[in-house]
Amino acid sequence: MKEIKLKAKAKINLGLDVLRKREDGYHEVRMIMQTIGLYDRLVIRPAADGQISIRTNLRFLPTGEDNLVYRAAKLLMDEFQIKQGVEIELGKYIPVAAGMAGGSSDAAATLVGVNKLFELGLDTEQLMKRGVKIGADVPFCVMRGTALAEGIGERLTPLPPMPECHILIAKPGIHVSTKFVYGNLRADELKEHPDIDGQIEALKRGDLHGLARLMGNVLETVTIPEYPVIRRIKEVMKEHGALNAMMSGSGPTVFGLFEDAAAAQEAYRALDGGGEAKQVYLVS
Ligand SMILES: C[C@](O)(CO)[C@H](O)COP(=O)(O)OP(=O)(O)OC[C@H]1O[C@@H](n2ccc(N)nc2=O)[C@H](O)[C@@H]1O
Ligand SMILES: Nc1ncnc2c1ncn2[C@@H]1O[C@H](COP(=O)(O)OP(=O)(O)OP(=O)(O)O)[C@@H](O)[C@H]1O
């Protein structure tokens, strides 16, 4: 039987600025997005029963309409009136509700996989257009790589790849709702804005230090006061030689950039099992 296997990769935001709140409640952003080597695995097969069924290794995840994978499959199957069903195995390894676009990336992989399985003939851009109906991060998760994201995050411009480095990821044992964070942001009272244009210039020069120095995320103003553990994890990473460390997306995951592999390993050991961070990964 035909089956499609996919990797759904996580993202970090190297820079995240919010310009204003729109009338519909969404926020206009300017962000530098980066795909990282941490991923979920999906296997998609046709099913005879006409249903969309999802199985996953994480027991607490919904497997019906509340799973973004379900919504992505349904979107294409409704549009193309596919009478056959699909069976999707979701191997979840990206931390959930972490600011790493785990659900969005699963949805993006599902769009790609269903398009392939049923030979719908949609190109990347057409998949990205459909993706934004599921979530603001989904178009980037279809595109992947390094990109400037504008609009609500769906207007994407590819950027030169980030210079090779070691990325330490640490998520404290708390879940943060993206809606809560944006809902409590005072976009018009922000005192500092990250230099996104400076980061773009650093990427063009292949300048890892310059890129790291300009890292900034305005959503930290909401999430860190609520969860001070985020600041402590950032400090541990910097004490262990991170060029810089910051919260990704709406949090609570913190990432640190390291040039030196040994320093990254040491920071990993300091955080893993240290009590503050519950899930720690070292990727590139
Ligand atoms: C924080 C980031 O992950 C950074 O990449 C994204 O901006 C959020 O992307 P996402 O999780 O795919 O967002 P969605 O699922 O579309 O929206 C979740 C909630 O976040 C808020 N939201 C999201 C994106 C945006 N540009 N402005 C917003 O205000 C909205 O209240 C929305 O109800
Ligand atoms: N496939 C999925 N994987 C993870 N969570 C999912 C999925 N589908 C639906 N959800 C629900 O969405 C919520 C947020 O999940 P997700 O892990 O995508 O957040 P996130 O990493 O903060 O995303 P973002 O960075 O895009 O804001 C969870 O509480 C979960 O119940």
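Biologist: Which element gives the most to the shell around ligand 2?

Modeller: Bear in mind that this is a predicted model. Two helices, α1 (68–79) and α2 (102–117), each supply at least two residues of the shell around ligand 2. The one that gives the most, with four residues, is α2.

Biologist: And which residues come nearest to ligand 2?

Modeller: There are 20 residues around ligand 2. By class, they divide into nine nonpolar, eight polar and three charged. The ones that come nearest are Ala101, Gly102, Gly103, Asp106 and Thr178.

Biologist: From which domains does the shell around ligand 2 draw at least three residues each?

Modeller: The domain assignment of the chain gives two stretches to look at, 4–158 and 166–283. The shell draws at least three residues from each of them.

Biologist: Where they meet, how do the residues divide by class?

Modeller: On the α1 side you'll find Leu68, Val69 and Arg71, among others, and they meet a set in α2 including Gly103, Ser104 and Asp106. Gly103 and Asp106 also turn up among the residues that come nearest to ligand 2. The residues of this contact of α1 with α2 divide into nine nonpolar, four polar and two charged.

Biologist: Now the two domains. How many residues of domain 2 are in contact with domain 1?

Modeller: The C-alpha centres of domain 1 and domain 2 lie 23 Å apart. On the domain 1 side, 23 residues take part in the contact. On the domain 2 side, the number is 33.

Biologist: Which element gives the largest share of the side of domain 1 that touches domain 2?

Modeller: The elements giving two or more residues to that side are β1 (4–21), β2 (27–47) and β5 (146–150). By class, that side has 13 nonpolar, six polar and four charged residues. The largest share, nine residues, comes from β1.

Terms used:
Residues are numbered from 1 along each chain as its sequence is written. Chains are lettered from A and ligands numbered from 1 in the order in which they are written. This is a predicted model: local features need pLDDT of at least 70, side-chain atom pairs count only at pLDDT 80 or more; totals for chains, interfaces and linings use all residues. A residue is near a molecule or strand if its C-beta atom, placed from the backbone, lies within 6 Å of it. Ala, Val, Leu, Ile, Met, Phe, Trp, Tyr, Cys and Pro count as nonpolar, Asp, Glu, Lys and Arg as charged, and the others, Gly among them, as polar. Domain bounds come from an automatic or database domain assignment. Two residues are in contact if their C-beta atoms, placed from the backbone, lie within 7 Å.
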